[in-house]
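Take a look at the structure shown here. This report starts with the nonpolar cores and then turns to the ligand.

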Amino acid sequence: MKEQLDNIQKQALAEIQNASDIKSVDDLKIRLLGKKGELTAILKQMGKLSAEERPVIGQLANEVRQVIETDIARRREQLKNLDTERRLKKEVIDVTLPGKRMEQGGRHPLNIVLDELKEIFKGMGYSIVDGPEVEETKYVFDMLNTDEGHPARDMQDTFYITDKILLRTQTSSVQIRTMLKTAPPIAVISPGKVYRNDSVDATHSPIFHQCEGLVVDKGITFGDLKGTIETFAKRLYGSDVKIRFRPHHFPYTEPSAEADFSCFKCGGKGCSLCKGEGWIELLGCGIVHPQVLLNCGIDPEVYSGFAFGVGLERLAMMRYAIDDMRLLYENDLRFLKQF
Ligand code: DAH
């Protein structure tokens, strides 16, 4: 029996050394030491031994068991380390390899102009406010003194969702929302998208951008409006730019005007950009109509205000001498990378 035990140990150690992965080691452990294992089988025969032999063989069997157990643990550890080593070698990262370059985007010309515009007006103490693009007719038209028969409300010009809800055609709706919410003094600008039922061409798009401005306080005059527009135009286009105001009509301002600025390409001599005029239309503006103030619960005997609305596409096109509005929407990188 002693011989048998010696053999089992010898063979076991050889097999353990030959096991090439952790799973084989674990299987071996079951086979060698488990309930149905060879060692257990021998221990079961101990009953046949004499009283002197039994403790000797018993001790030997325990020693063999311990040797095998220790060796299995050793081999297991060894294989685990080999495995880790192999994995580390395979996953090695060469930190000296050059990285992948990230393409960096740039700002869109419309956003460049808008950011400048925001900076200019923030510098003059204005806040920036927002309003919904899906809007009620009362904010886009009625409360702006633009009643049922007005051509701006025509189905031809306007995307209606229901009789009373539409895609706003102008950011002027935000004037009303602001005055209903805030008591004077008010000084806000509100940039955003507007929608008109226009076909796409070099100067039209059914979606474009405007920025609205509104100031309401005691003693506001047309002089304040002129000064503000002049400051804005000079900051945007340089101090040489000249401004002129032409009388115009808007239902929500009285008096109303359109402001032109001298063509910044030719300086007013006349060129292709200004179509020989020397002047380029910049924005619509005026003194807020007393009825509009009343509609918003502001007393026109105490307060007055001015408002203006400017098209951002036009600002960007003039600024960068872009002759086709479609370029602003096509996302052509050859175009966009120029800014
Ligand atoms: N809402 C006008 C438009 O879309 C622009 C405008 C004109 C806005 C005069 C105003 C204003 O606030 O006072 O063409």
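This is a predicted model. Its largest nonpolar core has 47 residues. Within that core, L117, F232, L283 and L315 touch the most other members.

Take L315 and follow its contacts. Leaving out residues up to four places away in sequence, L315 touches V113, L117, F232, L236, Y237, L282 and V310.

Now turn to the ligand. Which residues come nearest to the ligand? Of the 15 residues around it, these are Q170, R196, Q210, E212 and Y252.

| Residue | Protein atom | Ligand atom | Distance |
|---|---|---|---|
| Q170 | N or O atom in the side chain | nitrogen | 2.8 Å |
| E212 | polar side-chain atom | oxygen | 2.5 Å |
| A307 | polar backbone atom | oxygen | 3.2 Å |

How much of the ligand does the protein cover? On its own, the ligand has 360 Å² of accessible area, and the protein covers 90% of that.

Strands contribute to the shell around the ligand. β5 (207-217), β8 (279-288) and β9 (304-311) each supply at least two of its residues. By type, the shell has five nonpolar, eight polar and two charged residues.

Notes:
Residues numbered from 1 in each chain as written. Predicted model: local features only at pLDDT ≥ 70, side-chain atom pairs only at ≥ 80, totals over all residues. Heavy atoms only, no water. Core = buried A, V, L, I, M, F, W, Y, C linked by side-chain atoms within 4.5 Å. Buried < 20%, exposed > 50% of the residue type's maximum accessible area, 1.4 Å probe, protein only. Contact = heavy atoms within 4.5 Å. Near = heavy atom within 4 Å. Polar contact = N/O pair within 3.5 Å; in protein donor to acceptor, adjacent residues only side chain to side chain. Areas by Shrake-Rupley, 256 points an atom, 1.4 Å probe, with all protein chains shown as cover. Helix = DSSP H or I, 4+ residues; strand = E, 2+ residues; numbered from the N terminus. Nonpolar A, V, L, I, M, F, W, Y, C, P; charged D, E, K, R; others polar.
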